[in-house]
Amino acid sequence: MSASTRYTNGLAKLEEIDGEAGRKVIDSLQAIAPDLARYVIEFPFGDIYQRPGLDLPQRELATVAALTALGHCQPQLAVHVHGALNVGCTPEQIVEVVIQMAVYAGFPAALNGMHTVKTVFAERGLLPTGNANE
């Protein structure tokens, strides 16, 4: 696959999953590191996300799990929680994936991840009334 095809396919996949949030990430890199922006589009979204074997909801749940487990990627985790919701994952599935990470990544990583999930859910009006500030 040519570099331009990877870029075009990657940009389309990024916009399908992350919409405006993905575009903001790419735009934020243009002034300082346009090559990094291109790499983000071409490799994960132009190559990996195009592979058969997992559908977009499965890929996004795996990404949410990995970013939660890393424990220090809250901005990227927020983008992918939005992405998971955008491609059809349920809030319950996202919460369960983060809880599962307590076993493998530890409670601090899971707690940090759940805080990010809660913030995204609040932004999208997905928290039950009265729970947004608890």
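Tutor: A residue is called buried under 20% relative accessible area, exposed over 50% and partly exposed in between (1.4 Å probe, protein chains only). The model is predicted, so local features need pLDDT of at least 70 and side-chain atom pairs 80 or more, while totals for chains, interfaces and linings use all residues. Numbering runs from 1 along each chain as its sequence is written, and side-chain values use heavy atoms, without hydrogens and water.

K13 belongs to helix 1, residues 3–30 (helices are DSSP runs of H or I, at least four residues, numbered from the N terminus). Its relative accessibility is 15%, and K13 therefore counts as buried. Beyond neighbours within four places in sequence, K13 contacts F45, Y49, Q50 and L56 (contact: heavy atoms within 4.5 Å).

The model has 1 aromatic pair (Phe, Tyr or Trp rings, the six-membered one for Trp, with centres within 6.5 Å). The ring centres of F45 and Y49 are 4.7 Å apart and their planes lie at 25 degrees, so this pair is stacked (planes under 30 degrees apart; over 60 is edge-to-face, the rest tilted).

Elsewhere, the axes of helix 5 (residues 91–105) and helix 6 (residues 107–123) come within 7 Å and cross at roughly 165 degrees (axes are lines fitted to C-alpha atoms over the stretch in contact; angles run from 0 to 180 degrees between N-to-C directions). Helix 5 and helix 6 are therefore roughly antiparallel (over 145 degrees; under 35 is roughly parallel, 65 to 115 roughly perpendicular, the rest oblique). Residues making this contact include I94 and V98 of helix 5 and G113 and V117 of helix 6.

Key. Helix = DSSP H or I, 4+ residues; strand = E, 2+ residues; numbered from the N terminus.
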